[in-house]
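Here are my notes on the model you sent. They go point by point and can be read beside the coordinates.

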Protein chains: 2
Amino acid sequence: MDIPKVIREMALEAKQAARPLGNLSRGVKDQVLLRMAQLLQERQAAIQAENAKDVDQAKAEGHPAAFIDRLTLSDKVMNSMVTALEEVAALPDPVGEVVKMWRRPNGLLVGRVRIPLGVIGFIYESRPNVTVDAAALCLKSGNSVILKGGKEALHSNLALAKLMQDALGEYNIPAGAAQVIPSVAREATLELLKQDELVDLIIPRGGEGLIRFVAENSRIPVLKHYKGVCHIFVDDGADPDLAETVCFNAKVQRPGVCNSMETMLVHEKIAPELLPRMHARFREAGVELRGCPLTQKFDPQVKPAQEEDWGYEFLDLILAVKVVPDLDAALTHIAQYSSNHTEAIITRDYDRAQRFLQEADSSVVLVNASTRFNDGGELGLGAEIGISTSKLHAFGPMSLEELTTTKFIVYGSGQIRT
Amino acid sequence: MDIPKVIREMALEAKQAARPLGNLSRGVKDQVLLRMAQLLQERQAAIQAENAKDVDQAKAEGHPAAFIDRLTLSDKVMNSMVTALEEVAALPDPVGEVVKMWRRPNGLLVGRVRIPLGVIGFIYESRPNVTVDAAALCLKSGNSVILKGGKEALHSNLALAKLMQDALGEYNIPAGAAQVIPSVAREATLELLKQDELVDLIIPRGGEGLIRFVAENSRIPVLKHYKGVCHIFVDDGADPDLAETVCFNAKVQRPGVCNSMETMLVHEKIAPELLPRMHARFREAGVELRGCPLTQKFDPQVKPAQEEDWGYEFLDLILAVKVVPDLDAALTHIAQYSSNHTEAIITRDYDRAQRFLQEADSSVVLVNASTRFNDGGELGLGAEIGISTSKLHAFGPMSLEELTTTKFIVYGSGQIRT
């Protein structure tokens with residue numbers, strides 16, 4: 001395969017498809033999404049047969065069970081894809097929304113209207129169901145998408161691409177609207193990252209290695225999410241039961257994801273009462289605790305934390321614990337070690353709650369709720385294509401609106417500048 | 001001067017200033033802006049004396065009169081800086097605005113709140129008044145700014161920097177909030193563009209050469225504006241007087257700027273009536289006309305247009321003219337040659353007006369009004385720091401809102417994920 005030629009042609013097709021795609025009515029877009037859902041059900045066996053090739057290969061290569069599990073398009077996963085398509089179809093269309101409109105003194109009527117970004121390159125790892133989820137969000141927001149999935153999922157992704165293209169074809173939408181790169185070579189990714197004349201945005205989703213590779217090699221703007229080092233600060237006077245419930249949920253409910261808690265900061269006045277009972281519950285759940293010297297004073301069983309434990313994304317049943325003298329110290333620790341992802345405060349104090357919301361510089365900041373709520377679905381955006389931890393264009397969970405921009409439209413009656 | 005060290009330290013100071021700056025109340029920010037305006041008046045003679053050093057040097061180097069004019073801080077320009085500061089002080093504070101807020105079924109109250117971007121690097125050419133205008137917009141939007149002006153304006157810019165730092169100091173705002181790079185070396189620009197850990201956004205403003213240099217060398221996201229190739233399509237049935245007035249204004253009122261018209265597209269049915277009278281008026285104003293073969297048929301005096309005239313930014317009294325069979329042909333021409341800056345249609349047809357607004361893929365699209373209205377002040381944004389012709393983060397004129405992003409705040413009462 002002549003990879004540079006193939007990628008260039010795919011990017012050209014995506015660009016050409018973007019113009020008609022941006023002008024599609026909501027009705028047509030929703031019908032295509034629902035047709036994809038229908039085809040997923042009709043072709044379930046055939047898609048699972050393609051997926052089985054990937055799974056067999058991955059097993060032969062000795063990948064761990066968790067990896068195989070994520071790669072497998074089980075009946076349950078197939079159903080979740082159908083549901084996801086139906087949910088995206090049910091979401092409002094962001095394109096064409098008039099965000100604001102105002103009249104100028106000279107009579108001009110000026111509006112800001114949502115439009116698609118154009119062409120999106122989406123680069124991700126293993127889970128093949130993400131192929132359909134991401135394509136659905138791009139289609140609904142009027143963007144063409146070029147998908148580059150994990151090398152272990154190629155058969156699955158190509159079968160899903162065929163299905164999507166068939167649905168698009170039934171509605172006379174160009175095939176360039178949603179394409180899967182038919183190569184697993186790293187060269188294909190590199191070529192895609194060079195198409196800055198044709199591709200408007202790159203969204204990588206996967207481990208830190210993938211994201212750094214994309215960010216370092218891209219000539220196209222990248223919306224990235226490096227890691228989630230989420231903190232919870234338990235304030236003096238916090239409700240101990242609420243603090244325990246929320247912190248336990250944030251650490252233990254799903255420790256391997258980016259919005260789980262990695263460091264707990266505890267006010268020194270509440271630490272003597274709170275730390276022993278919380279630590280007992282954490283230990284029961286198999287959590288390894290690493291504490292500062294003051295933490296060790298209140299709980300001598302805690303391992304000493306090393307400097308590198310602060311700001312570390314464990315993605316595991318490990319928690320760093322630090323006792324701090326006050327809110328200022330907590331905010332200073334967060335400013336130094338945070339990844340700008342998610343921070344929470346547990347408090348009953350009005351002023352400190354408001355200050356924490358204002359001053360913690362992360363994409364989602366919560367009072368008395370689990371960090372696990374940093375998620376497009378949980379926050380009410382309907383779905384998400386990723387979470388941005390940098391501030392340009394989007395900050396936090398990215399859903400349909402974040403896949404658009406606005407242009408200005410102006411209704412005049414002969415106005416000129418003087 | 002150890003340029004890498006100086007730039008690194010400036011970026012660190014800017015980053016450290018960003019946290020307190022982001023939490024300043026509107027009242028304090030406005031007082032600082034008004035104090036700067038006051039100091040500009042008090043120190044007018046001293047600043048003009050520093051400016052005279054730059055002007056003398058530029059004259060000695062044989063720069064053209066237009067360049068000297070742009071470099072000179074005349075009384076009129078000094079007054080315009082005072083007015084600009086007062087106007088920015090009068091604009092609403094974007095920081096802290098709750099853009100939306102909603103309640104989730106589990107009781108969480110979720111809001112999106114505007115926050116500053118952080119640290120902005122602003123790289124620009126000659127005009128020293130831009131130093132204060134840009135710093136005012138950054139300060140009001142809660143961002144630290146590092147300014148790198150043109151090499152011919154260093155004395156002026158350093159005098160203005162001293163003034164701004166004095167005003168900041170009176171209100172105990174760290175000096176890192178607004179700094180001017182004390183070097184004219186290109187190396188200083190290159191060092192600034194490497195500070196991707198400390199600087200969040202680069203905005204270049206100047207000629208295409210400067211902007212390409214910045215875009216190619218930056219590790220930091222760049223909001224850029226390459227050029228303005230603005231089209232006006234005069235539709236069949238347009239009011240001839242309105243068409244003539246608007247097209248004349250768009251080309252002639254200030255031909256050297258990005259929002260002036262470069263190509264006029266005329267419907268073939270109206271061309272025989274319209275072209276001779278419009279061309280006569282253009283010629284009277286000294287405009288050189290370059291037309292397609294059909295244009296030449298209706299006006300034999302027109303020079304033939306070459307392929308490179310389509311999509312060319314003349315920035316001068318030159319106009320490319322093309323006769324097209326219909327709106328579709330006009331939109332296709334625009335899609336091929338536009339710079340995504342500004343397009344206008346002159347029409348009396350409702351459907352074609354609406355279609356043009358939807359389908360022309362530029363940052364500002366107008367009906368029956370001059371392209372010259374693509375400007376932050378004219379559209380009602382209050383002021384502008386530049387115009388973005390790419391879609392990420394901002395598209396079109398950038399004012400205070402475009403110098404911010406939003407974060408999510410969440411008011412909970414013990415919610416956890418299950």
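**Notes on the predicted model**

1. Of the 146 residues in the largest nonpolar core, M36(A) and M36(B) touch the most other members. A nonpolar core here is a set of buried Ala, Val, Leu, Ile, Met, Phe, Trp, Tyr and Cys residues joined through C-beta atoms within 7 Å. Buried means that 20 or more other C-beta atoms lie within 10 Å of the residue's own; 12 or fewer make it exposed, anything in between partly exposed, and C-beta atoms are placed from the backbone. In soluble globular proteins, nonpolar side chains tend to be buried together.

2. This is a predicted model, in which local features need pLDDT of at least 70 and side-chain atom pairs count only at pLDDT 80 or more, while totals for chains, interfaces and linings use all residues. Residues are numbered from 1 along each chain as its sequence is written, and chains are lettered from A and ligands numbered from 1 in the order in which they are written.

3. Apart from neighbours within four places in sequence, M36(B) is in contact with L85(B), V132(B), L163(B), M164(B) and A167(B). Contact means C-beta atoms, placed from the backbone, within 7 Å.

4. Chain B is superposed on chain A by a rotation of 180 degrees with 0.0 Å of shift along the axis, at an RMSD of 0.0 Å. That is the relation of a two-fold axis. The superposition is by least squares on the C-alpha atoms of residues with pLDDT of at least 70 in both copies. Within chain B, H393(B) comes closest to the rotation axis, its C-alpha being at 1.8 Å.

5. The contact between the chains takes 52 residues from chain B and 52 residues from chain A. On the chain B side, two or more residues come from each of α10, α14 (350–359), β13 (364–369), α15 (376–379) and β16 (404–415). β16(B) gives the largest share, 11 residues. By class, this side has 24 nonpolar, 19 polar and nine charged residues. Ala, Val, Leu, Ile, Met, Phe, Trp, Tyr, Cys and Pro count as nonpolar, Asp, Glu, Lys and Arg as charged, and the others, Gly among them, as polar. Helices (H or I, at least four residues) and strands (E, at least two) are DSSP runs, numbered from the N terminus. 100% of the interface residues of chain B are also interface residues in chain A, so the copies meet through the same surface.

6. F373(A) sits in the loop between β13 and α15 of chain A. It counts as buried because it has 27 C-beta neighbours inside 10 Å. Leaving aside neighbours within four places in sequence, F373(A) is in contact with L366(A), E378(A) and L379(A), and also with L108(B), V410(B) and R417(B). S260(A) is 113 residues away from F373(A) in sequence, with 9.3 Å between the C-alpha atoms.

7. D54(B) belongs to helix α3 (residues 44–60) of chain B and counts as buried, with 24 C-beta neighbours inside 10 Å. Among its contacts beyond four places in sequence are L71(B), E152(B) and H155(B).

8. Two loop residues of chain A deserve a look at their backbone. L315(A), between β10 (303–304) and β11 (318–324), has phi near 50 degrees, a positive value in a residue other than glycine. N340(A), between α13 (327–337) and β12 (342–346), has phi near 60 degrees. L315(A) counts as partly exposed, with 15 C-beta neighbours inside 10 Å, whereas N340(A), with 25, counts as buried.

Terms used: Contact = placed C-beta atoms within 7 Å.
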